[in-house]
Amino acid sequence: MMWDDGNAGIGESDEATLLARRPGLVSRRAFLGGTALGLGALGLAGCSGTDALLLAEARQNYGPMPDEKFAIPAVDISKVDPKYYRRVVQYESKEAPGTIIVDPGKFYVYRIEGDGTATRYGANVGRDGFLWHGDAYVGRKSEWATWTPPKEMIKRQPEAAKYARGMPGGLDNPLGARTLHLYQNGAYTLYTIYASSAPETIGSGITSGCVGLLSQDMIHLYARTPVKTKVVVLPA
């Protein structure tokens with residue numbers, strides 16, 4: 001994972017590349033259009049019992065956030081496997097409440113709640129060759145952070161050169177609405193937990209080692225995570 005002077009860059013062949021290669025970012029992020037159609041189609045599906053409750057909760061959790069600095073559209077939940085929807089689950093851990101545990105092998109991030117439970121979020125993680133594990137902590141938090149592509153990425157993807165001095169925060173910025181910057185022993189590890197606006201990436205390995213949550217999930221986690229929070233990244 002490469003970064004530039006504290007500004008995060010996710011790296012080649014990761015979410016930034018995915019977004020850059022696809023035209024029509026506005027339509028993917030639109031409040032209406034595809035999102036509404038996706039939700040409507042799901043509503044017509046033959047759901048019942050637990051599935052219907054899970055879907056109703058997902059619609060609420062992943063709805064639009066118009067009061068943000070940059071209004072965040074609803075997630076097209078038809079692009080997310082339901083097993084990655086945010087939910088409270090049974091999770092035994094010796095870690096203190098508030099600790100964040102990343103399980104890249106299963107594409108989950110957990111926030112320990114205590115009493116044998118955790119809030120679980122679906123995630124995207126590092127692709128092969130960029131996975132890592134160990135203990136860290138949240139050394140810094142940022143909202144709508146500036147993203148600066150590393151020089152190595154610019155060499156391989158010249159189109160990124162226009163952001164060499166930094167891409168301002170916004171919906172098209174790879175870091176999204178919120179970022180938790182991970183540190184070890186007082187030093188920045190160059191890894192983050194960040195907000196993703198690409199629902200189709202959840203449950204996949206696409207980054208250079210960073211961990212992405214859906215924007216609504218990341219905002220939920222960010223609000224409950226103070227600086228110095230312990231983060232445990234498990235082996236994949």
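Predicted model: local features only at pLDDT ≥ 70, side-chain atom pairs only at ≥ 80, totals over all residues.
## Overall make-up

The protein chain holds six helices and 13 strands. It has 236 residues, of which 52% count as buried. Among contacts in the protein chain with a separation of 6 or more, 69% are between residues 24 or more positions apart.

In soluble globular proteins, nonpolar side chains tend to be buried together. In this model the largest nonpolar core has 24 residues, and Val109 and Ile193 touch the most other members of that core. At least two residues of this core come from each of β4 (100-103), β8 (134-143), β9 (178-184), β10 (187-196), β12 (211-214), α6 (215-223) and β13 (230-233). The largest share, four residues, is supplied by α6. A second, separate core has 19 residues, including Ile77, Val80, Ile202 and Val232.

The surroundings of Val109 can be listed in more detail. Neighbours within four places in sequence aside, Val109 is in contact with Ile100, Ile101 and Val102, with Thr119, Arg120, Tyr121 and Ala123, and with Val211, Leu213 and Leu221.

## Helix α6

Of the nine residues of α6, seven are buried, so the helix is largely enclosed by the rest of the structure. The buried residues are Ser215, Gln216, Asp217, Met218, Ile219, Leu221 and Tyr222. Leu221, one of these buried residues, is also among the residues in contact with Val109.

## Strand β13 and its partners

Strand β13 pairs with β4 and with β8. The pairing with β4 is parallel and has three bridges. In it, Val102 stands opposite Val233 of β13. The pairing with β8 is antiparallel and has four bridges. Here Asp135 stands opposite Val232 of β13, and Val232 is also one of the residues of the second core.

## The end of the chain

Ala236 lies in the segment after β13. Its relative accessible area is 67%, so Ala236 is exposed, the cut-off being over 50%. Ala236 and Asp103 are 133 residues apart in sequence, yet their C-alpha atoms are 6.9 Å apart in space. Neighbours within four places in sequence aside, Ala236 is in contact with Pro104, Gly105 and Leu131.

## Cavities

Rolling a probe the size of a water molecule over the atoms shows where empty space is left. In the whole structure, two cavities of 30 Å³ or more are found. The second largest cavity holds about 50 Å³ of space.

The lining of this second largest cavity consists of Val102, Pro104, Val125, Gly126, Leu131, Trp132, Gly209, Cys210, Val211 and Val233. Eight of the lining residues are nonpolar and two are polar, with no charged residues.

## Exposed residues in loops

Pro168 is in the loop between α5 (151-156) and β9. Its relative accessibility is 61%, and therefore Pro168 counts as exposed. Thr146 is 22 residues away from Pro168 in sequence, with a C-alpha to C-alpha distance of 4.7 Å. Apart from neighbours within four places in sequence, Pro168 is in contact with Ala145, Thr146 and Asn173.

Most residues other than glycine have a negative phi. Asn185, which is not a glycine, has a positive phi near 50°. Asn185 is in the loop between β9 and β10 and counts as exposed, at 81% relative accessibility. Lys228, also not a glycine, has a positive phi of about 85°. Lys228 is in the loop between α6 and β13 and is exposed, with a relative accessible area of 60%.

Terms used: Residues numbered from 1 in each chain as written. Heavy atoms only, no water. Core = buried A, V, L, I, M, F, W, Y, C linked by side-chain atoms within 4.5 Å. Buried < 20%, exposed > 50% of the residue type's maximum accessible area, 1.4 Å probe, protein only. Contact = heavy atoms within 4.5 Å. Pairing = 2+ DSSP bridges. 1 Å grid on protein atoms, 1.4 Å probe; cavity = no way out; pocket = protein on both sides within 12 Å on 5 of 7 lines; lining within 4 Å. Points joined across faces, edges and corners; volume = space filled by probe spheres on them. Nonpolar A, V, L, I, M, F, W, Y, C, P; charged D, E, K, R; others polar.
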